[in-house]
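Hi,

Here is the structure I promised to pass on. Have a look at it first, and my notes on the salt bridges follow below.

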Amino acid sequence: MKLDKIESPEQFIMAVSEAVNIAEMLPENDLARIGSDVVQDFALDNDSMSEWRDRMERGIKLAKLVKEDKTYPWKNASNVKYPLITSAALQFNARAYPAIVPTERVVKVKTFGSDPQGLKAERAERVSNHMSWQLTHQIEEWEEETDKLLVQLPIVGTMVRKVWYDPAQERIRCRVIDAGSFIVNDKVKNINDAPRVSEEMPLYPYEFKERMTSGLFLDVNLGIEDAEDSKAAETFIEQHTRLDLDKDGYDEPYIVTVHKKSQKVVRIVADFEARDVTFTTEQAISEQKDPFTFEVTQTPVEIVAGVKAIRRGSYFVPYHFLPSLDGGFHGTGLGLLLGDISDAINSIINMMMDAGHMSSLGGGFIGSDFRIKGGSQRFEPGEWKRAQSQGADIRKSMVPMTFPGPDGTLFQLLGVLIDAGREIASVKDVMTGDSGKQAQTATTTIAMIEQGMMVFTAAYKRIFRALKKEYTLIAEINAETVGLEEYNAFQDPQPQVDPQTGQPMMDAIGQPVIQPFDPAQDYSAVDMDIAPVADPNSTTKMQQAAKAQFVMGLAEAGLVDKAEAADRMLEAMDITERQALEPKPDPMQAQMAQMQMQLEQAKVQADGMKAEADMLKAQAEMLKA
């Protein structure tokens with residue numbers, strides 16, 4: 001079917017939203033124009049990122065401790081790289097990674113509104129358990145990708161993670177896009193408002209050949225037969241953009257994949273579902289003729305006139321270490337904040353190393369009338385060499401050059417720069433486990449950690465905010481893709497209980513009545529707030545333990561539940577299998593309690609019989625009177 005043959009707006013939306021590859025429905029000249037526009041728009045957006053890209057690449061080079069050949073002040077001079085940015089990135093990852101990916105639950109769900117029967121709480125528990133299992137077990141790459149994200153993010157400032165449903169693997173997948181491979185105009189404030197975003201994807205020949213044979217890509221000649229390496233990866237551009245394919249004046253959102261070198265379109269797919277479209281309507285008159293009386297009845301009706309708005313799909317979640325200092329999209333990382341300081345530290349260290357080297361080796365001038373047989377001489381420790389000249393002649397002919405050792409001022413300046421860099425990166429001695437020679441109390445240590453982690457806590461809250469968006473996106477995908485059988489196999493629903501008898505309810509054939517849970521209903525509820533289980537204000541074990549200890553003190557005072565307080569304390573200390581630690585009932589105490597209950601019941605019965613006898617006696621006396 002060709003798109004130009006479709007006249008109705010509703011039919012057009014249904015056709016493109018269900019198509020596997022819309023490029024098969026377009027003429028060649030339209031595909032050539034779209035491919036050229038995609039590459040041109042990609043280049044414009046890429047140029048707008050040039051300043052941020054230069055800072056990002058410089059920061060990565062400093063973090064990787066890349067060494068370049070030095071010819072100044074002489075060839076092979078000292079070339080030491082101080083790992084200031086590397087240390088800061090490792091510290092950030094070491095604190096954030098265990099907090100975001102705890103040992104047990106990853107996702108927590110909060111509900112709003114009244115819940116007298118506890119149904120909302122049960123639904124929130126089901127969603128929390130299922131999503132935590134997804135992120136830690138089903139989505140195999142999620143934890144590893146999160147680890148990589150938390151290493152690169154503090155260096156470059158902005159990273160983007162892509163989350164989508166893969167029908168081939170029948171599960172959600174996620175991938176951290178390499179820094180600089182996600183292309184968006186730097187003037188964009190919010191990614192949801194961007195007219196287009198692009199991803200630079202390298203695909204090996206076997207990968208895009210598989211897509212061509214399966215029908216996902218058009219089977220076109222990309223012109224790579226003459227390449228030096230026939231198995232090298234080819235660069236494709238996947239651009240989420242808007243196109244007016246139905247020529248109605250409104251640009252619909254699509255995902256266009258183009259081979260960058262040849263500018264050939266290999267795939268176009270709708271970036272929306274049919275339910276995401278809002279149509280405009282207009283009044284019309286519907287005429288109906290009666291087959292017997294031939295009378296014509298006119299009825300006003302509303303018909304679809306065109307497309308009003310389309311909600312674009314969501315695939316990308318941006319993570320920012322620090323917002324852009326000039327208001328652009330790309331954030332600021334330690335590569336920018338510590339770049340000049342790191343270069344200055346490296347220069348001072350190398351100057352001191354070179355000065356020490358020159359001072360220890362020495363050197364000077366030798367007179368022209370003084371000759372040493374064999375040319376220049378080098379001495380081994382404890383070695384004496386014979387010379388053909390007298391000692392006085394040697395001293396007169398050789399003038400040593402004075403090389404001062406490393407300057408103390410440079411050493412002090414080095415310490416100032418390192419302290420400044422560690423202050424910006426929130427890397428203090430107490431944060432790395434070194435509290436100094438002076439012993440500190442627990443309260444003082446916690447206060448020092450709180451002050452030392454101010455910069456980190458702010459960055460961690462930004463990550464927390466991005467994780468909420470990612471979890472909400474996963475919940476939306478689950479509402480559409482998780483099957484009823486799969487969901488109930490995980491939840492294991494229990495048989496319904498008769499409220500009168502307290503026994504399981506049975507159907508006509510004697511099987512327990514089980515009401516299955518609907519994943520679409522559980523994940524589509526609007527009264528839920530899905531968030532990471534991590535606390536952005538408590539990112540260290542000491543902070544979590546201090547809060548748990550405070551709650552435990554309230555429990556001892558009878559102000560909160562003791563069992564819940566104890567469970568939070570065990571959770572803060574990362575003690576697993578907490579149910580096994582719950583106190584077990586004493587059999588003797590249980591038997592004594594049962595006997596006491598039986599005695600109380602017998603006493604109640606006796607009191608009732610006595611009260612009945614007294615009432616009968618009173619009635620008899622009244623009758624007698």
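A salt bridge here is a side-chain nitrogen of Lys or Arg within 4 Å of a carboxyl oxygen of Asp or Glu. K162, R175, E199 and E238 are linked in a network of such bridges, and a search of the whole structure turns up 20 salt bridges.

Before the details, some housekeeping. This is a predicted model, where local features need pLDDT of at least 70 and side-chain atom pairs count only at pLDDT 80 or more, while totals for chains, interfaces and linings use all residues. Residues are numbered from 1 along each chain as its sequence is written, and side-chain values use heavy atoms, with hydrogens and water left out. Helices (H or I, at least four residues) and strands (E, at least two) are DSSP runs, numbered from the N terminus.

E141 and R171 form a salt bridge, 3.2 Å from N to O. E141 sits in the loop between helix 5 (119-138) and helix 6 (142-156) and R171 in strand 3 (residues 171-177), so the pair ties together parts 30 residues apart in sequence. Both E141 and R171 are buried (under 20% relative accessible area; exposed is over 50%, partly exposed in between, with a 1.4 Å probe and protein chains only).

K260 and E200 also pair up, at 3.1 Å from N to O. K260 is partly exposed at 31%, and E200 is partly exposed at 23%.

Lastly, D529 bridges to K468, with the closest N and O atoms 3.4 Å apart. D529 lies in strand 14 (residues 528-532) and K468 in helix 13 (residues 454-481), so this pair ties together parts 61 residues apart in sequence.

Cheers
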